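Work through the following exercises with the sequence and the 3D structure side by side, and try each task before reading its solution.

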Amino acid sequence: MEELTLTTPALLFSAISLIMLAYTNRFLAYAATIRSLHDKYIQNKNSVLIAQIQNIKRRLYLTRSMQILGISSLLLCVLTMFLIYVQQQFIAIWVFGAALLLLIASLAYLILEIQISVKALEHHISDIENS
């Protein structure tokens, strides 16, 4: 394997930063939706709202996991750069590998969350189509 340089983990910084921005936007959208559903539920305790709240809660926890994995990946990229700086190449390679695995896991959670989101939207569409 070629030697790992400082630029290799640094390349992931912009990608991970953009991913984290997208995750944060999702989280904020869920927070607004939860507040809206809460207000609707207080006015009308209905089973459809309960199902929507459970769905959004599951998506919220997935987003939290995505954020934790993404931040951990970024943290390990920084640690990799430090290890390269202090000339611990062998350890740096393994830490960078772990950072990549965490990023892969974060993206896998994103795929799962998107699938859940699509199913939730399909329920809304089916309500319109059945009317």
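**Exercise 1.** Find which residues are linked in a network of salt bridges in this predicted model, and describe each pair.

*Solution.* The network links Arg26, Arg59 and Glu113. To begin, recall that a salt bridge needs a side-chain nitrogen of Lys or Arg within 4 Å of a carboxyl oxygen of Asp or Glu, and by this rule the count comes to 2.

**Exercise 2.** Decide whether glutamate 113 and arginine 26 are buried, partly exposed or exposed.

*Solution.* The step needs two cut-offs, since buried means under 20% relative accessible area and exposed means over 50%, with partly exposed in between. Glutamate 113 has a relative accessible area of 0% and is therefore buried. Arginine 26, at 26% relative accessibility, counts as partly exposed. Arginine 59, like glutamate 113, is buried.

**Exercise 3.** Compare the reach of helix 2 with the expected value, and say what follows this helix.

*Solution.* Helix 2 covers residues 47-85, and these amount to 39 residues. From its first C-alpha to its last, helix 2 reaches 57 Å, which is close to the 57 Å expected at 1.5 Å a residue. The helix is followed by glutamine 87, whose phi is positive, near 60°. Tyrosine 85 is found in helix 2, and with a relative accessible area of 64% this tyrosine is exposed.

**Exercise 4.** Describe the protein chain as a whole, asking how its radius of gyration compares with that of a compact globule.

*Solution.* Start with the elements, which are 3 helices and 0 strands, running α-α-α from the N terminus on. Next, take the C-alpha atoms, which fill a box of roughly 65 × 25 × 20 Å along the principal axes. The radius of gyration is 20 Å, whereas a compact globule of 131 residues would have one near 14 Å. Finally, buried residues make up 28% of the 131 residues.

Key: Residues numbered from 1 in each chain as written. Predicted model: local features only at pLDDT ≥ 70, side-chain atom pairs only at ≥ 80, totals over all residues. Heavy atoms only, no water. Helix = DSSP H or I, 4+ residues; strand = E, 2+ residues; numbered from the N terminus. Buried < 20%, exposed > 50% of the residue type's maximum accessible area, 1.4 Å probe, protein only. Expected span 1.5 Å × (residues − 1). Rg over C-alpha atoms; globule rule 2.2 N^0.38 Å.
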